[in-house]
Amino acid sequence: VAGAPYGGPVATVRDENVVQAVHHSLKATLQTWTSAGRLIASKPWSFTGLVTMGWTAEEELLCIFKSGMVRIFSVMCEQLHHFTVDGRIVQQGGVVLAALWPSGLAVLTQRLNLYVNASTRHSEG
């Protein structure tokens, strides 16, 4: 779950690491909601290894994955673009922790290497 600041949209996707009862389809979906709880959009979610997600200053949804891949979605759940923070992340055991702020991100690998991007548009490596 990721909520945008100032009463903006909320994004949800099923956590693949949590076992829970399923009342509907087992297929994961990315959903965006208004802050009042009305569904904005929904798209099938085929990705694995999500570490964290959050919103940029432009209200784009950033999703950071264990592989170091960053995928950016619109509020309508359309993928806008993607990039890899650094190609060495996979050899370092993958991302174990990630932090986002409105215009950047930081990831920590299993071998405790820290990568920081001051931009959410591309890799700066």
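Guide: Let us begin with Met-53. Leaving out residues up to four places away in sequence, Met-53 touches Val-1, Ala-2, Ala-11, Thr-12, Val-13, Leu-61, Leu-62, Cys-63 and Leu-100; contact means heavy atoms within 4.5 Å. This is a predicted model, in which local features need pLDDT of at least 70 and side-chain atom pairs count only at pLDDT 80 or more, while totals for chains, interfaces and linings use all residues. Residues are numbered from 1 along each chain as its sequence is written, and side-chain values use heavy atoms, with hydrogens and water left out.

Visitor: Which residues does a second, separate core include?

Guide: In soluble globular proteins, nonpolar side chains tend to be buried together. A nonpolar core is a set of buried Ala, Val, Leu, Ile, Met, Phe, Trp, Tyr and Cys residues joined through side-chain atoms within 4.5 Å. Here, the second core has 12 residues, among them Leu-62, Ile-64, Ala-98 and Val-107. The largest core has 16, and Met-53 is one of the members that touch the most others, along with Leu-30, Trp-45, Leu-61 and Cys-63.

Visitor: Is Thr-12 buried or exposed?

Guide: Buried means under 20% relative accessible area, exposed over 50%, and partly exposed in between (1.4 Å probe, protein chains only). Thr-12 counts as buried because its relative accessibility is 19%. Its side chain makes a polar contact with that of Trp-33 at 3.2 Å; such a contact is a pair of N or O atoms within 3.5 Å, where within protein one must be able to donate a hydrogen and the other to accept it, and residues adjacent in sequence count only if both atoms are side-chain atoms.
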